[in-house]
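User: Hi, I'm new to this one. Could you walk me through it?
Analyst: Happy to! Let's have a look together.

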Amino acid sequence: MKGARTGTGSVDLDADPSENTQRWARFVATCLIGGLVIGISVLGLHFGAPHQPSLRIWRRKKKPVRVYMDGCFDMMHYGHCNALRQARALGDQLVVGVVSDSEITANKGPPVTPLNERMIMVNAVKWVDEVIPNAPYAITEDFMRKLFDEYKIDYIIHGDDPCVLPDGTDAYALAKKAGRYKQIKRTEGVSSTDIVGRMLLCVRERSISDNQNHSSLQRQFSHGHSQKFDDGGSGTGTRVSHFLPTSRRIVQFSNGKGPGPDARIIYIDGAFDLFHAGHVEILKHARSMGDFLLVGIHTDLTVSANRGAHRPIMNLHERSLSVLACRYVDEVIIGAPWEVSKDMITTFNISLVVHGTVAEVNDFQKRDCNPYAVPINMGIFKILDSPLDITTTTIIRRIVSNHEAYQKRNEKKANSERRYYEDKAYVLGD
């Protein structure tokens, strides 16, 4: 009788004995290999599971580095933004403290922009992750402990320019002593004090002579110098913009990303002089209308021709960097034309052109040459309700109405810094 083949390990009784031996060897080998695979799998399940939490714990321990920077951020400009950019580069998350109105008044003099507007400005900077309102002007022991314990701050950041209290002492002395202080380079060429001075100089020049030609004032306030101040003449020492833009700085501020193939591109243009909370809010509103916000920054000559010879206070590249630093802006056109042309709309694939209800120049529809005539005729123009009733003129009026207070503020700051450097020189001399 012939034996039946009942599987891989069955034996054929009629087969050659050596053949049966080989089949049996293969059967045993298969069982051993299968058992080994199963055993390894079981061991993996048994010993592998406990290692998963340890991996998660390791990842959890690698927490983000949180850095803190504070400031008044009064009349916020590209210098402030560059400081925040540098601070953010020293960690993974940037927490920013905005000093209260009362603290600024006590230490420097009255702020030009109130806390709520300064909060809007700081929150809008693309490198900021979290904002603390009403921060103290000086880093006290209690506040430093709060930063370390409650906000989990690793380092406190400040620029290499002195932050001096009225008594001449360093506002960051405790942070330095604790070994939790890092320093960044100050952006040369601009400060809030400098900008206030530009506006006061503007007012003074206009009062001296209303007959100065446009090109003269334009050179002073956008491209060049006021001879009287550059030569060390009278006044508070205010200098007009000497900012020299570089391609590297523009790249540092840029998002570096273009719109997607099917992106809805929104376009808004303007001077954006003395970049303020009103600008931020209308840009935020415009960005919500699409996927990509393109902002046109008008040239200095265009602004001067439409808003007066004393404008702009900030030159084209200063204004462009301030707008680029805003988190709601994807790209800017540096030196955008006054009129929005068909070629421009096609080149940038613009889906919608918008304009706010609050603006320095808002009578464009009454003019013979309407800068938005083309997008209006194409049915891609929309007026947006401006969330805040603030313009560049609003900021200038605040300065002018508190002329004496701001002059005293500038003098107070200069005196404090002088005492700081005198004390430092004395210590080094010892």
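User: Which way do β1 and strand β2 run, and how many bridges join them?
Analyst: They run parallel, with six bridges joining β1 to β2, which covers residues 93-99. Keep in mind that this is a predicted model.

User: What is the bridge partner of Gly71 in β2?
Analyst: Gly71 is paired with Val98 there.

User: And which helix makes a β-α-β unit with β1 and β2?
Analyst: That's helix α2, residues 78-89, and the unit is right-handed.

User: What about β1 and strand β4?
Analyst: Three bridges join β1 to β4 (residues 155-159), and these strands also run parallel. Within β4, Ile157 is the bridge partner of Met69.

User: Is β1 itself mostly covered or open?
Analyst: Mostly covered: six of its six residues, 66-71, are buried. Arg66, Tyr68 and Asp70 point one way from the strand, while Val67, Met69 and Gly71 point the other way.

User: Changing topic: which residues touch the most other members in the largest nonpolar core?
Analyst: Met75, Leu84, Leu274, Leu283, Val295 and Val323 do, in a core of 62 residues. At least three residues come from each of domain 1 (66-184) and domain 2 (258-390).

User: What does Leu274 touch?
Analyst: Leaving out residues up to four places away in sequence, its contacts include Met75, Ile195, His279, Ile313 and Thr392.

Definitions and conventions:
Residues numbered from 1 in each chain as written. Predicted model: local features only at pLDDT ≥ 70, side-chain atom pairs only at ≥ 80, totals over all residues. Heavy atoms only, no water. Core = buried A, V, L, I, M, F, W, Y, C linked by side-chain atoms within 4.5 Å. Buried < 20%, exposed > 50% of the residue type's maximum accessible area, 1.4 Å probe, protein only. Domains from an automatic or database assignment. Contact = heavy atoms within 4.5 Å. Helix = DSSP H or I, 4+ residues; strand = E, 2+ residues; numbered from the N terminus. Pairing = 2+ DSSP bridges. Right-handed = clockwise from strand over helix to strand, strands pointing away.
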